[in-house]
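The stops below are meant to be selected one after another.

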Amino acid sequence: MDRSRKFLFTGPPGVGKSTAIGVISDIEPVATEMVASDELAERKETTTAALDFGEIRLDDGETIRLYGTPGQRRFDFMWKLLVEGAMGLVILIDNSRDDPLGDLDMYLQNFDALIRDTGAVVGVTRTEQYPEPDIDSYYSRLGACDLMLPILECDIRQKDDVTLLMDALMSTIEPQSI
Amino acid sequence: MLVRTLKAINLPERERMEIGILLSLLGQRYGAAWELTENRFADVAIVDADADAASDATAEAHRVASVVVTISETDSGVPGLHVTRPIRTKTLTEVLARVERESGSRASSSQTVLAWALKRWPGTETLRREWRLTRVCGTLARGPQTVAGIAARTGIEDAELERLLTLLTEAGCAAPTESAVRISESGPNPPPRGLFGRLRARFGRAST
């Protein structure tokens, strides 16, 4: 797959990866969903079992593909497949979960090679209702990994917030590509 | 030739003019490349340690320059680089030569100029208002950069860049760094174009 044409969205179940892709995709997002059967069922009725897929079509016909990883860790074999050829990663973290900093650690660890080879941005959701942990705590975690990634509070239902995440992501990738 | 800049923070106008004249003389006599600047940031700031609110002025000096020189009637008890009043060509030359020497030893064979380091990214609200900051921060996230280096990589014009750096500095997101190593400015990357430029245009976030 062409390395320069794919972005990846990851994050825990229910964080809104499908929604984020949907608000910037030019096509009706393709989602392979199934009925949630675990603790997630309290949050949402369905969850992504394989992947989400969307596209941004530029004026010259060029296409940017957007992939959302399955959120649950038992599907992590899919993560390794989806990483192939990705040129950047959007990590979405749900601040209402029990251990959002632990979630961040887990994604940093699993996508470490992609993050260091390309770039990443962290979007933290639901911070208005759940202000803790605060953004400084997230920066501390990144600092421990020697990473200087943008961390943005966001509402992924808002197109402006998703485009801001994408803009920040591209800014971290820029010099070595495209 | 690398031109270094000196900013007078809270000096009387007369002394500010004297320093400008002395720097001009240094250039004519010895080929030293220093100039007095009114810009927000400089390589060296000189601050009046005898003035009222000297500590505020010194704090400001540290925000806008990587090297701070104090000036006062006497040099007793004043740490760091210092010039005693009245300012003499010899004294000023010695201090500036020391700045050049010390920055030269830090940077080895590289030229040294003031650079900025990213401490953290600004918050979402700030980036919503000042979306060009994403470009500046993305550049700084790879390591300290000079103003010229940032301008070359982002395509942002000088005055706007200075405003954005001031904003970042005051928000505690960036700071001048003493290890001001010029980073590969011999071949700067062009402003972003191509795929990302088109994608940004699509998002309504064109680079300039």
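Where is the place of B:A53 in chain B? B:A53 sits in the loop between β3 and α2 (54–64) of chain B; helices (H or I, at least four residues) and strands (E, at least two) are DSSP runs, numbered from the N terminus. B:A53 is not a glycine, yet its phi is positive, at about 55°. Most residues other than glycine have a negative phi, and most peptide bonds are trans.

This is a predicted model, in which local features need pLDDT of at least 70 and side-chain atom pairs count only at pLDDT 80 or more, while totals for chains, interfaces and linings use all residues. Residues are numbered from 1 along each chain as its sequence is written, chains are lettered from A and ligands numbered from 1 in the order in which they are written, and side-chain values use heavy atoms, with hydrogens and water left out.

**Chain B: overview and backbone**

Colour chain B by secondary structure: it has eight helices and eight strands. Of its 208 residues, 49% count as buried (under 20% relative accessible area; exposed is over 50%, partly exposed in between; 1.4 Å probe, protein chains only). Among contacts in chain B between residues at least 6 apart in sequence, 66% join residues at least 24 apart; contact means heavy atoms within 4.5 Å.

Next select B:R85 and B:P86. The peptide bond between B:R85 and B:P86 is cis, with omega near -10°. B:P86 belongs to the loop between β5 (82–84) and α3 (89–107) of chain B.

**Chain B: an aromatic pair**

Over all chains, a search of the whole structure finds six aromatic pairs. Rings of Phe, Tyr and Trp (its six-membered ring) pair if their centres lie within 6.5 Å; planes under 30 degrees apart count as stacked, over 60 as edge-to-face and the rest as tilted. Show B:F41 and B:W116, an edge-to-face pair with 4.3 Å centre to centre and 80° between the planes. B:F41 lies in the loop between β2 (34–36) and β3 (42–48) of chain B, and B:W116 in strand β6 (residues 115–118) of chain B, so the pair ties together parts that are 75 residues apart in sequence. B:F41 is buried, with a relative accessible area of 9%, and B:W116 is buried at 0%.

**Chain B: helices α6 and α7**

Select residues 147–154 and 158–170 of chain B, which are helices α6 and α7. How do their axes cross, and within what distance do they come? The axes come within 11 Å and cross at roughly 115°. Axes are lines fitted to C-alpha atoms, for helices over the stretch in contact, and angles run from 0 to 180 degrees between N-to-C directions. That makes α6(B) roughly perpendicular to α7(B) (under 35 degrees counts as roughly parallel, over 145 as roughly antiparallel, 65 to 115 as roughly perpendicular and the rest as oblique). The side chains to display are B:V147, B:I150 and B:A151 of α6(B) and B:D158, B:L161 and B:L165 of α7(B), which make the contact.

**Chain A: helices α3 and α5**

Move to chain A and select helix α3 (residues 100–110) and helix α5 (residues 135–144), which pack at an angle of about 30° with their axes 11 Å apart. That makes α3(A) roughly parallel to α5(A). Residues in this contact include A:L101, A:L104 and A:L108 of α3(A) and A:Y138 and A:L142 of α5(A).

A:R126 is partly exposed, with a relative accessible area of 33%.

**Chain A: two buried residues**

From A:R126, go to A:V15, which touches A:R126 as well as A:L92, A:I93, A:D94, A:T125 and A:I156, not counting residues up to four places away in sequence. A:V15 lies in the loop between β1 (6–10) and α1 (17–24) of chain A and counts as buried at 2% relative accessibility.

Finish at A:E55, in strand β3 (residues 46–57) of chain A. Is A:E55 buried or exposed? A:E55 is buried, with a relative accessible area of 13%. Residues that A:E55 touches include A:I24, A:D26 and A:T63, not counting residues up to four places away in sequence.
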